[in-house]
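Dear colleague,

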Amino acid sequence: MDQQSNNTTLIAGDDSTERELNESPVSVQIVPEKKGLFLKHSEYEIKLKGIEKTVRRRYKDFVTLHRYLAEKYPYRLLPALPPKQLMLDSLLEERRRGLQTWLIIVSLHPVLGSSPIVSTFLRDTTTDHQYRLRVTYEKQMDELVRLRPDATLPEVDLDTLAESRTRLHRVQCSMGRLKQLFDRRLGHNRRQTGECAEIERILQNPDLRDAFNEDATFEDLSASERLIAKQVERYVQVQQRAVTERLDVLLEVLHAHSQLCERIEKSIVADQQRTLTGKSPGANAGSSRVKVKAHSMNQTGTMAQQNEGNGSAFEATQLARRSAFAFSCAQAETLLAERYLQSLPSILLSYAHEEQQHHQKMSKIWHRLVVSESSRLD
């Protein structure tokens, strides 16, 4: 592959092979560890798809990786990490899911996922993995610096880019609401498991059975409630994996895209302001040097003035190039976010399929109960 092709890959990512966005390439599991009476921290076991060896990382290792990637790839779609929380069991699972979602997005990213920094984080099984990660980070150059000076950046239609940004923001709002509704339904089903257990306890009450002098109906219904509780528990787990976790990925991608656009906007505005404020002192210095030059007509002063002009032109060229690179990255990341969204129909179909399977199994449980009771009455 020639250098020009390498430059294009750095900007847009390698699309030569399709990535399966519907399957998780990495899993994160909690490995709790306690030290002393009060201090406690958790490690996370990370497993890559198709690789037997696992690595263990702490939350602070994720924070370090995030910082390294943000510095070396400032114009890429990099989601925020889940916040640091108190070490409560109820919150540990929430953080684990957040870290897994974050790592899925990073590992699937066509540029970030192929970074030596990410590879070291995911694959280094040595005890000094933190030192090795830092060494890898220090060797890695900024993404823009790695481009050849004569590399041609793709043209970007800023109006189209702005329209895509607005459209993706509206999609993000709609999907956020959709996720809330799905979560509410899952919450109801989680509560149903406890309700089934309570119904079973009531039906097992000897006083209730003695009052009707009848055990068969109570026993059959109790057995049905146990089956329903198991079925609902399975349903919640499957929908969590097939729908909720995949929606989390899409929402995090959209949120990261929104943050990236804001970051690029602020960066370009800051660069423009630096250019404007930098001209004023330069102009004053130039005026002083012109006076000195008029007084002495010294050749050294003439060369200094030329160097200053060349330096200002070089700085302006570099800022313009950085802006062009930032916009080209924004365009590539927008296309990436839109590609992620193509998995939404598959997620919705998975939801419908699991709903159908769940209700069919529930119907069979109740049907067996009714047939059994009808036979007994006959």
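What follows is a short account of the salt bridges, the cysteines and the helix packing.

Please keep in mind that this is a predicted model, in which local features need pLDDT of at least 70 and side-chain atom pairs count only at pLDDT 80 or more, while totals for chains, interfaces and linings use all residues. Residues are numbered from 1 along each chain as its sequence is written, and side-chain values use heavy atoms, with hydrogens and water left out.

Let me begin with the charged pairs. Side chains of opposite charge can pair when their charged atoms come close. A salt bridge here is a side-chain nitrogen of Lys or Arg within 4 Å of a carboxyl oxygen of Asp or Glu, and the structure holds 18 of them.

One of these joins Arg67 to Glu71, with 4.0 Å from N to O. Both residues belong to helix H2 (residues 59–72), where they are four residues apart, about one turn of the helix. Helices are DSSP runs of H or I with at least four residues, numbered from the N terminus. For accessibility, buried means under 20% relative accessible area, exposed means over 50%, and partly exposed lies in between, using a 1.4 Å probe and protein chains only. Arg67 is partly exposed because its relative accessibility is 43%, and Glu71 is partly exposed as well, at 38%.

A second pair sits in helix H3 (residues 89–108), where Glu93 and Arg96 are three residues apart, about one turn of the helix. Their closest N and O atoms are 2.9 Å apart, in a salt bridge. Glu93 is partly exposed at 31%, whereas Arg96, with a relative accessible area of 6%, is buried.

Arg132 and Asp124 form a further salt bridge, with 3.6 Å between the closest N and O atoms. Here Arg132 counts as partly exposed at 38%, while Asp124 is buried at 12%.

What about the cysteines? A disulfide is counted when two cysteine sulfur atoms lie within 2.5 Å, and by this rule the count is zero. Cys173 is partly exposed at 48% relative accessibility, whereas Cys196 is buried at 3%.

Now to the helices. Axes are lines fitted to C-alpha atoms, for helices over the stretch in contact, and angles run from 0 to 180 degrees between N-to-C directions. The axes of H2 and helix H4 (residues 116–123) come within 10 Å and cross at roughly 170°, so H2 is roughly antiparallel to H4 (angles over 145 degrees). Contact, meaning heavy atoms within 4.5 Å, involves residues including Phe62, Leu65 and Leu69 of H2 and Ile117, Val118 and Phe121 of H4. The residues of this contact divide into seven nonpolar, no polar and two charged. In this grouping Ala, Val, Leu, Ile, Met, Phe, Trp, Tyr, Cys and Pro are nonpolar, Asp, Glu, Lys and Arg are charged, and the others, Gly among them, are polar.

H4 also packs with helix H5 (residues 129–139), at an angle of about 170° and with the axes 9 Å apart, so H4 is roughly antiparallel to H5. Pro116, Ile117, Thr120 and Phe121 of H4 meet Arg132, Leu133, Thr136 and Tyr137 of H5, and these residues divide into five nonpolar, two polar and one charged.

Conventions
Helices (H or I, at least four residues) and strands (E, at least two) are DSSP runs, numbered from the N terminus. Angles under 35 degrees count as roughly parallel, over 145 as roughly antiparallel, 65 to 115 as roughly perpendicular and the rest as oblique.
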